[in-house]
Amino acid sequence: MKLVMADQGGDNIVTREYRKGNWTVNETLVLIEAKKMDDERRMKRSGDIEGRGKPTELRWKWVEDYCWRKGCLRSQNQCNDKWDNLMRDYKKVREYQRRTAERGEGTHSNEGSSYWEMEKNERKVKNLPSNMLRLIYERLEEVVDKKGDKTAVAAGGSGLIPNIPYVMDRPITSVETSLPPLLQHQLLAPIPAAIPLTLPAPPHLPPPPIAAAAAAPLVQPPPLSYAQPLPTVAQILIQVSIQTRQQREGREELVMGKAAVGAQQVQTTQTKWALQSLKVLPL
């Protein structure tokens, strides 16, 4: 894998060819040293706002540059992945060693033997890393412990709540020993039982009118008298036809009456003319 890089001036071009394959013990030790130096560098600049806001990529770029100066030709992504694997294996071994120490089992016991005395097959059966070297474990332990101590000191100096393991050097056995004698006496004095309170019975009030009306029996209203059924469409059409016919017949009778009156008037007029003509003729 090759990477082309430029210096800050942009003039000189540097080509880095990263090494592939498994990490050697020397490369792993260089990586642990680089991570330790990076932690110390960032802890010194923890009060600086500019140093506190550095992204993760730039920090691992600094680790890559440190490894290259020490002969470990690995990229920042390779260093990051390797460090994650180291911390995962370290935590598994540390947890197993802690449980073994708490059980108090001897180192010669088959079930509770130390991690460093087990064979690779036995480590695999117990779901433990099979190739963790004691030198690598001790170097990682130094980095983790030193980082935890500095974190506790920084938290105490900045007004934050420090971690419990670095502040409580001994457990609190009793609260009474840290109190004044007067408060201890009050704390030990028995608490009297609570006296029950007797409440007076509520006065008897008449029911509200709404409740009385609700309690009265309901009166059923008289049944409604239904009117005659509505006519159908056929009946309506027949009624309209009859009315139309009656209106037409009335108009015809009116016209015939007017014609008869006109004829009678004409006949009267003709009669008058005949009488007048008779009077005019000589006898």
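Predicted model: local features only at pLDDT ≥ 70, side-chain atom pairs only at ≥ 80, totals over all residues.

Colleague: How is a pair of aromatic rings described?

Modeller: Such a pair is described by the distance of the centres and the angle of the planes. The count here comes to 5 aromatic pairs. One of them joins Tyr18 and Trp68, with 5.8 Å centre to centre and 80° between the planes, hence edge-to-face.

Colleague: Which parts of the chain does this pair link?

Modeller: Tyr18 lies in the loop between strand S2 (13–17) and helix H1 (25–44), whereas Trp68 belongs to helix H3; the two are 50 residues apart. Tyr18 is buried, since its relative accessible area of 5% falls under 20%.

Colleague: Why is the pair of Tyr115 and Trp116 edge-to-face?

Modeller: Their planes stand at 85°, over the 60 degrees required, and their centres are 4.8 Å apart, so the pair is edge-to-face. Ring pairs also link these two residues with Tyr90 and Tyr137 into a cluster. Tyr115 is buried, at 0% relative accessibility.

Colleague: Which charged residues sit over rings?

Modeller: The charged end of Arg123 is placed over the ring of Tyr115, 4.0 Å from its centre. Arg41 lies over the face of Trp62, at 4.5 Å from the ring centre.

Colleague: Is Ser75 buried or exposed?

Modeller: Ser75 is buried, because its relative accessible area is 6%, under the 20% limit. This residue is found in the loop between helix H3 (56–69) and helix H4 (76–103). Leaving aside residues up to four places away in sequence, Ser75 touches Tyr18 and Glu64.

Methods
Residues numbered from 1 in each chain as written. Heavy atoms only, no water. Helix = DSSP H or I, 4+ residues; strand = E, 2+ residues; numbered from the N terminus. Buried < 20%, exposed > 50% of the residue type's maximum accessible area, 1.4 Å probe, protein only. Contact = heavy atoms within 4.5 Å. Phe/Tyr/Trp six-rings, centres within 6.5 Å; stacked < 30°, edge-to-face > 60°. Lys NZ or Arg CZ within 6 Å of the ring centre and 35° of its normal.
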